[in-house]
Amino acid sequence: TFRKLRRNISKFPNQIAVKALLDERERDVRFWRANNSGASSSVFPLAQNHGYKSIGLAMVGSRKIRSARLDQLFSESQLSHFDHWVLDLQGSELRALRGAGELLSVASSLEVEISREPQYDGGVLYPELRDFLMERGFREILAEPYFHGIAFFERRSAAQTQVVTNR
């Protein structure tokens with residue numbers, strides 16, 4: 001729960017918990033609740049052939065929630081000392097990054113949940129997410145080769161960006 005998250009991060013200075021559904025634009029969205037204590041809940045229903053059928057993962061309900069853009073919640077000065085971002089948004093990572101707008105320039109590194117095969121109906125797949133980040137000055141450091149995992153990106157230096165854009 002959100003209360004538990006706030007309690008868990010309270011021992012870390014300069015960390016805050018924000019209860020918001022991040023998106024590329026402000027709107028009412030359907031939010032699907034998963035049967036694993038909500039851990040796999042998403043703005044997307046599960047894909048037909050998601051990789052977790054063997055453990056019985058399913059959506060058990062939904063409700064409408066108002067989404068927000070990250071750049072509507074924070075200013076650049078408020079996020080300037082948060083240069084490593086972690087995104088685990090159940091297929092909605094690209095929508096949240098688009099909603100960051102120019103705030104993405106604050107991030108020097110990213111840890112992002114990825115899917116190489118559809119896990120959520122409408123969720124982003126790794127190649128599209130990687131291309132989006134590379135177009136914005138990041139390079140891939142490591143991407144787990146599994147159907148669903150984590151990828152790490154870091155901002156390229158100005159010299160590296162020049163080489164990539166001159167190809």
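Is His50 buried or exposed? With a relative accessible area of 8%, His50 is buried (buried means under 20% relative accessible area, exposed over 50% and partly exposed in between, with a 1.4 Å probe and protein chains only). This is a predicted model, in which local features need pLDDT of at least 70 and side-chain atom pairs count only at pLDDT 80 or more, while totals for chains, interfaces and linings use all residues. Residues are numbered from 1 along each chain as its sequence is written, and side-chain values use heavy atoms, with hydrogens and water left out.

Keep His50 selected: it sits in the loop between strand E2 (28-34) and strand E3 (59-68), strands being DSSP runs (E) of at least two residues and helices runs (H or I) of at least four, numbered from the N terminus. The His50 side chain reaches the backbone nitrogen of Tyr52 at 3.1 Å, and, not counting residues up to four places away in sequence, His50 touches Leu57, Pro118 and Gln119 (contact means heavy atoms within 4.5 Å).

Next, select Trp85, Leu104, Leu110 and Leu133, which have the most contacts inside the largest nonpolar core, a set of 26 residues; such a core consists of buried Ala, Val, Leu, Ile, Met, Phe, Trp, Tyr and Cys residues joined through side-chain atoms within 4.5 Å. Among the elements giving two or more residues to this core are helix H5 (126-135) and strand E7 (148-155). A second, separate core of nine residues includes Val29, Val43, Leu46 and Leu57.

Finally, move to Ile141 in strand E6, which counts as partly exposed at 44% relative accessibility. Leaving aside neighbours within four places in sequence, Ile141 is in contact with Phe152, Phe153 and Glu154.

Conventions. A polar contact is a pair of N or O atoms within 3.5 Å; within protein, one must be able to donate a hydrogen and the other to accept it, and residues adjacent in sequence count only if both atoms are side-chain atoms.
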